[in-house]
Amino acid sequence: MTGQPKRFYVETLGCPKNQVDSEKLIGTMLADGLTATDDASEADVVVVNTCAFIEDARRESIDTILALDEKRAESSRLVVTGCMAERYGDELASALPEVDLVAGFGVPVVPVGRTTIPVSSTPIPTFDLLNLPRQKSSVPWAYVKIDEGCDRSCGFCAIPSFRGPQRSRDVDAILAEVDQLQVTEIVLVAQDLASYGKDRPDELGA
């Protein structure tokens, strides 16, 4: 109804790092006045956070997008983001007319089909999920991402091509996120956990 906050639904695929990204995206949308729902058919905005690491993950992402398109309300908007959007943005835009917006994290969006909407009031090209705040965790543990990207060039992995070079977070930002989560146990995650701090030797003593 006019004047009421829009409702959103987020489906997360892939690894724990994607889960962290989704939680930060959710926190941003809540801060923007949207309301979460666990039923995609009731959402005004349906977001799929995709995985593109292996073929099975890419297939699952496509299947999930199509399934949610069947389930969502006709007036809703379907947004695809995450690794698959970053890696195959143009291809997705051409192959999936069902999608209203293809939005990679930190890269320009690819408008598709019907009138597009932003996922957040923050412009997508400067959207940095790494240091966005998160909501208090509903369970006593949480994943915390301590860096983004990777400097390695493994033949089986395309992550550096769309997540960029390694960016280690400063310790204060990590501790602030832990405080926001209010948990008793954290699990550190990263694209290359063992290389944390190598890109910030002066600050972190790596």
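Is D192 buried or exposed, and what is its relative accessible area? Hold that thought for a moment, everyone.

A word on the model: it is predicted, with local features needing pLDDT of at least 70 and side-chain atom pairs counting only at pLDDT 80 or more, while totals for chains, interfaces and linings use all residues. Residues are numbered from 1 along each chain as its sequence is written, and side-chain values use heavy atoms, with hydrogens and water left out.

Back to the question: D192 is buried, because its relative accessible area is 10%, and buried means under 20%, exposed over 50%, partly exposed in between (1.4 Å probe, protein chains only). Its partner is R152, and the two side chains meet in a salt bridge at 2.8 Å, N to O. By salt bridge I mean a side-chain nitrogen of Lys or Arg within 4 Å of a carboxyl oxygen of Asp or Glu. R152 is partly exposed, since its relative accessible area is 45%.

E177 pairs with R134 at 2.6 Å, N to O. This pair links distant parts of the chain, 43 residues apart: E177 sits in helix 6 (residues 171-181), R134 in the loop between strand 6 (110-111) and strand 7 (141-145). Helices (H or I, at least four residues) and strands (E, at least two) are DSSP runs, numbered from the N terminus. E177 and R134 are both buried.

Then we have R72 and D69, whose side chains form a salt bridge at 3.0 Å, N to O. Both of these residues, R72 and D69, are buried too.
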